[in-house]
Amino acid sequence: MDAIRQRTVAKLGDEDAAYIRKIVKWQRGLEVAGRVGFYVPPLWPAAVASLGVSKILDNMEIGHNVMHGQYDWMGDPGLNSRVFDWDTMAPAENWKHGHNYVHHTYTNIVGKDRDVGYGILRMDPDQKWHPYYLGNTIYAFLLMVFFEWGVMAHDLEAEEVFAGRRSMFRGENAPVWRKIRKKVSKQVLKDYVVFPLLTGPFFLTTLAGNAIANLIRNVWTFSIIFCGHFPAGVASFSIEECEDESRGHWYYRQLLGSANITGGKLFHVMSGNLSHQIEHHLFPDVPARRYPEMAVEVREVCNRYGLQYNQGSLFKQLATVYGKIFRLSFPNRTKKADVAATSVAQQAVAA
Amino acid sequence: MSLATTILRSRAVSALTSPHGVDRYLELVNPMWAANEVRARLVDIDLEVDVPGAARVATLTFQPTSTWRGHRAGQYVQLGVELPGGRRTTRCFTVSSPDSKPGDRFTVTMRANPDGQVSQHLVEHAKRGTIVHLSQAEGDFVLPDHVPDHILFITGGSGITPAMSMLRSLQRRTHRGRITFLHYAQSEDHQIFKDELAEISQQGYGIDLHLVYPEAGGRNFSPMELERIVPGFRDVDTWLCGPAGLVNAVTPAYEGSDKLRVEYFKPPTFSGVAGGEVSFAKSGVAAENSGDNILEQAEAAGLAPAFGCRMGICFGCVAIKKEGTVRNVLTGETSSLPDEQIRICVSTPEGDCSVEL
């Protein structure tokens, strides 16, 4: 894995810089086109679509990847992980802690990776059942619709607040809130006040257009992200088995704890190449456009060592994710047995 | 500031372009449009020195964006260029033209340093029209508002550029006081600004010019030599700029005097040896380099830098390395670039190293 990484990093250069700048150009272009389109009522559907696609690009191929430090080597402040902020409710600082550090370090360790259920869902049979989880499907649906708000609230650690171990607004949450307030007010002001006001008589249609563009982005990013870790066959881990973990085991956990989505080139771009979630988890700081070529080598390694390489079409993966969300609203029939593929992978880990 | 700039910098526009900022949109239309950032277009390159076997020296003329606030003679600017391979690299260069006003063109004179990617690229490969990234002018190695009657410049090598900028400003202001200009260069062929200096020295209120070439028989700096040229030099306002050797020779001669102002051109440090000292610039703490990664060494020194995964994946611990060589323990790569962002949890210093922590 280290060798694959090194070979790819050695290749980074003009091509990658030109690529990400081209994506930024497209994103900004589509954004401006969408905002302008709201002045011409017949163009409304096209304007919403344009803005929606722009927000997806900003969120996935640009925001997520830039904030992972994938383009820090370029030395461009506009594409630097320390400076960049994205067009969603979650402040970059909070997200980088919850995602880059907590999720990417402790991937799929139940009890440590807060992305397993985000503190509100039951996404793994090892999470203890509670009658609250009868609403699992409804919570998941709401999370999908309001995904950017969910991501925003992620670092408040709601489950800790409800368990009474953390104050909602004070203590550890105070600095988190401070950043949220600042960011959310800017986002709300822009999409739901200033841009609608600027279109004058079209205030309401612009407002609705902006809301729908955000909704499109929310549903899309939720779907891609849930297909990255929660389809059938993805392994989860216990805190005990990851104690004093070696670098090799860390790679092993990233590999078995992630899943890819198959698709065409445009699909990969629109998913921020998170359709290559496995490669992303193995090499989070390598520019995502390199994942498809790295995937060839990663699969070869998997074949050689008989490791499962979880991938499937978007619809297949989504179906298994929804199935899991529904099934896990209820208590396990026998421990883990109902998610057969998961336990197969866990046996592999144990071996 | 024009009306357009006022509007572009307004809170309303920044609310509309949040979170990316107005410059991220403007630059896509025209790189010379900016509301806050400073960029410049290279409009001219003039070779100053082109001796076979020696690094070429060129004066580059830049047209900055309207956001350039101007500079005072003697100041420097951080100049960033996109090098082949998609990497932007930034270095400091002294402005060589006289004082500039907002939006004014200015020049930078640089030697194509064989180890310097930026100067190599600009002198040897850059073409007119190239866009560079700039900081505003920085540095307090400048003339005071009230210029003294007698000024002494002591410069060596490329240290001549800030003095030249000041001299040109004084020429423009028709300064009538006395100016002594003492410069050390490798040889007459390597001497930049030679003709201009000769011309100025012959004008009515000219300068007292001393160009010395120690390698061609000229004498190295000595306080006695200086006393001969400028009797009572310790009472004369002096601007000194040059390589470490010259600075080390001149400084003791001024001990006890408050007339000396120094600009230090630090040579790059390439050590690559274990041991040495790791210093943390912000906190002023330093310790012997134990060979551990910089995060651990900082913690051992009692600091508490931000960190995350401690394995090089989350970028939670990125800090700026001011100088020195570090090795990335994941890739084995070493890097000696100054002002470089590094992940301190996977970087070990090779010899002396300074990190902004």
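In this predicted model, strand E14 of chain B pairs antiparallel with strand E17 (residues 347-355) of chain B, and seven bridges join the two. Within this pairing, B:Gly324 lies opposite B:Cys353 of E17(B).

E14(B), which covers residues 318-328, also runs antiparallel to strand E16 (residues 340-343) of chain B, with four bridges between them. Here B:Ala319 has B:Ile342 as its bridge partner in E16(B). A further antiparallel partner of E14(B) is strand E15 (residues 334-335) of chain B, held by two bridges. B:Arg327 faces B:Thr334 across that pairing. The hairpin of E14(B) and E15(B) has five residues between its strands, and B:Gly332 adopts a positive phi near 80 degrees there.

| Partner of E14(B) | Bridges | Sense |
|---|---|---|
| E15(B), residues 334-335 | two bridges | antiparallel |
| E16(B), residues 340-343 | four bridges | antiparallel |
| E17(B), residues 347-355 | seven bridges | antiparallel |

Another part of chain B contains an open sheet of six strands, ordered E4-E3-E6-E1-E2-E5, with antiparallel pairing. Its edges are strand E4 (87-94) and strand E5 (106-111) of chain B, each of which pairs on one side only. From one strand to the next, the twist averages 40 degrees. Strand E1 (residues 38-49) and strand E2 (residues 57-64) of chain B run antiparallel and are joined by eight bridges. B:Asp44 is placed opposite B:Thr61 of E2(B).

For residues 35-144 of chain B, an unreviewed UniProt entry lists "domain: FAD-binding FR-type". This span is 42% strand and 8% helix, and its end C-alpha atoms are 30 Å apart.

Technical notes
Residues numbered from 1 in each chain as written. Chains lettered and ligands numbered in written order. Predicted model: local features only at pLDDT ≥ 70, side-chain atom pairs only at ≥ 80, totals over all residues. Heavy atoms only, no water. UniProt positions renumbered as here; feature names shortened; annotations may be inferred. Pairing = 2+ DSSP bridges. Axes fitted to C-alpha atoms, helices over the stretch in contact; angles between N-to-C directions.
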